[in-house]
Amino acid sequence: MKQILTSLLKSYLKFVYYTTSWKYSMPSGYSLQEFDQETRTIFTFWHNRLALAPYIFTKHKDIYALVSPHSDGQIISNILMKMGYKIIEGSTHRNPLLATRKIIAALTRGSNIAITPDGPRGPKYKINSNIIGIAKIAKAKIIPLSFNIKYNIRFNSWDSFILPLPFGRGIVVVGDALILSDNDALSMQELESRLNQLSQNEA
């Protein structure tokens with residue numbers, strides 16, 4: 001049953017992606033080609049944008065996704081693996097230390113990581129992981145980004161999850177890399193603020 005659901009969801013997301021007219025908003029002096037060629041980078045976006053994300057990173061040759069090991073996470077993992085992602089299982093609630101070690105090891109090798117820092121349980125739009133500390137240890141870059149799509153359904157879930165619908169306009173908004181300060185709390189507040197600002201862009 002899970003295999004059938006995985007195939008159906010993957011096919012649906014592919015259909016949405018290729019029937020959507022996408023626009024990319026990039027920082028000044030930064031190109032889409034540079035975005036696709038990043039290494040040792042943590043890409044962050046809010047959890048409710050998760051269904052919009054998979055095809056955005058398909059040109060990255062070495063990218064991991066942090067996925068919760070619960071049952072819904074397994075379906076997400078299967079979809080992402082079929083799309084060429086590597087998976088690190090874990091969350092702030094389950095196997096956090098092991099997941100952190102794997103993330104740091106992957107980044108140190110030059111791989112990229114896609115993380116929803118308010119997942120998997122929230123609260124919405126609040127970072128609940130040590131993403132700043134991880135970036136410092138691995139000497140990694142943090143790039144915030146967001147996605148929006150004109151036609152969508154918002155679920156009545158903790159994160160107001162966005163299910164994209166086909167035949168509309170979509171936007172990918174990439175922010176400037178975060179400059180980390182000595183104060184981790186201030187850096188975390190800055191990242192939250194950047195993610196919320198980027199998420200206000202309409203398709």
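1. T20 touches I149, L165, F167, G168, R169 and G170, leaving aside residues up to four places away in sequence, where a contact means heavy atoms within 4.5 Å. T20 itself is found in the loop between α1 (2–18) and β1 (21–25), and T20 is buried, with a relative accessible area of 9%; buried stands for under 20% relative accessible area, exposed for over 50% and partly exposed for what is in between, with a 1.4 Å probe and protein chains only.

2. This is a predicted model, in which local features need pLDDT of at least 70 and side-chain atom pairs count only at pLDDT 80 or more, while totals for chains, interfaces and linings use all residues. Residues are numbered from 1 along each chain as its sequence is written, and side-chain values use heavy atoms, with hydrogens and water left out.

3. The protein has six helices and nine strands, these being DSSP runs numbered from the N terminus (helices H or I, at least four residues; strands E, at least two). Its radius of gyration is 16 Å, close to the 17 Å from the globule rule for 203 residues, so the protein is as compact as a globular protein of that length; the radius is taken over C-alpha atoms, and the rule is 2.2 Å times the number of residues to the power 0.38.

4. Of the 203 residues of the protein, 48% count as buried. Among the contacts in the protein with a separation of 6 or more, 73% are accounted for by residues 24 or more positions apart.
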